[in-house]
Amino acid sequence: MGVSFPYIGREVFADTKWQKPAYQSKGPSRFKNNMVLYSKRENDMLASERQTIIYNMVRRDGAVRTSDLKSILKVSEMTIRRDMEDLEFRKLVQRVRGGAVAVGNTAGNMPFAIQSGIHLAKKLDIARTAAELVHDGMRIAVDGSSTGLESARLLKSFKDITLVTNNISLLWEFRNLPAIQVVILGGEIASDGNSIDGSFAIENAFQLFPDIFFFSCAGFDADNITTATPIAVEIRKILLRNSKKNVLLADSSKFGNKGFVRLFDWSNVNVLITNPSLSEQARDSILGNAPHLEIILAESSTAPNKG
């Protein structure tokens with residue numbers, strides 16, 4: 001049985017059906033067709049019911065989308081946001097763009113739609129910097145990450161480029177752009193709902209030799225780059241070996257995080273694009289093991305001009 005928030009008359013659980021109140025509060029209320037029309041005070045208490053459902057869904061699934069909650073709870077988006085703010089204030093969930101996630105949840109364990117909204121501004125800054133490494137005529141590989149997707153979105157103005165990817169979202173983004181050829185690695189749809197994986201995709205990846213490979217991760221430190229799940233790990237390793245230049249796209253919040261699965265060390269990574277909040281000490285620790293690595297700090301597009 002789920003965690004409850006007790007209030008007047010009963011306790012509400014996200015995994016139980018509607019329960020009649022054991023008793024009524026002494027505040028004013030009316031009855032109609034055996035249904036209780038709660039007073040203003042009791043209407044306020046109904047927030048506890050919604051928040052119990054939201055909390056238990058996040059605890060069960062790791063994340064929840066605002067659009068799904070609107071449909072389930074039959075309330076406005078503003079009401080959902082207020083409930084999430086209250087839950088976040090009590091440190092029960094963490095709000096992100098488009099929904100909420102479990103406190104301490106790693107991005108790699110979240111649904112792709114939720115994951116895409118986390119640290120979005122930093123991802124866009126990194127994506128803009130990554131696009132500066134691209135020129136017309138290039139063959140570009142992009143992994144199934146949300147940061148990879150944002151980077152690819154900025155390549156639509158280029159001509160005669162080829163995108164190689166296992167990122168399903170890219171198919172929709174580039175469907176009406178004849179100047180850009182998209183090569184999708186055929187295979188099985190992975191559990192994240194956005195990546196293609198499996199033996200067919202791995203076999204296809206072996207045959208391709210991109211000019212540049214953009215990829216992301218769940219965490220990195222001075223020694224290793226890691227990911228949260230085994231999804232498409234082998235594909236990324238193959239593309240890393242086959243590409244002329246390999247570029248890691250990772251914001252500073254991922255430094256020190258250790259995902260469940262090791263991707264690789266820094267030996268075959270040429271460029272790290274991150275944001276300026278990655279400390280100088282962290283950068284030095286990485287360069288100590290990878291002196292060949294170029295670290296590019298992606299300045300915020302909203303940062304004030306200097307000088």
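Is Arg153 buried, partly exposed or exposed, and what is its relative accessibility? Arg153 counts as partly exposed, at 31% relative accessibility. The views below come from a predicted model, and they follow some of the 14 salt bridges that a search of the whole structure finds.

**View 1. Arg81 pairs with Glu77 in a salt bridge.** Look for the closest N and O atoms of Arg81 and Glu77, which lie 2.5 Å apart. Both residues belong to helix α3 (residues 77-89), where a spacing of four residues separates them by about one helical turn. Arg81 is partly exposed, its relative accessible area being 47%. Glu77 is partly exposed too, with a value of 32%.

**View 2. Arg153 forms a salt bridge with Glu150.** Here the closest N and O atoms are 2.8 Å apart. The two residues sit three positions apart in helix α6 (residues 146-153), again about one helical turn. Glu150 is buried, with a relative accessible area of 9%, because buried means under 20%.

**View 3. Glu173 and Arg153 meet through their side chains in a salt bridge.** The N to O distance for this pair is 2.9 Å. Distant parts of the chain are linked here: Glu173 lies in helix α7 (residues 168-173) and Arg153 in helix α6, 20 residues apart.

**View 4. Glu150, Arg153, Lys156 and Glu173 belong to one network.** Salt bridges with shared partners join these four residues. Arg153 is a handy place to start tracing, as it pairs with Glu150 and with Glu173.

Key
Residues are numbered from 1 along each chain as its sequence is written. This is a predicted model: local features need pLDDT of at least 70, side-chain atom pairs count only at pLDDT 80 or more; totals for chains, interfaces and linings use all residues. Side-chain values use heavy atoms; hydrogens and water are left out. Buried means under 20% relative accessible area, exposed over 50%, partly exposed in between (1.4 Å probe, protein chains only).
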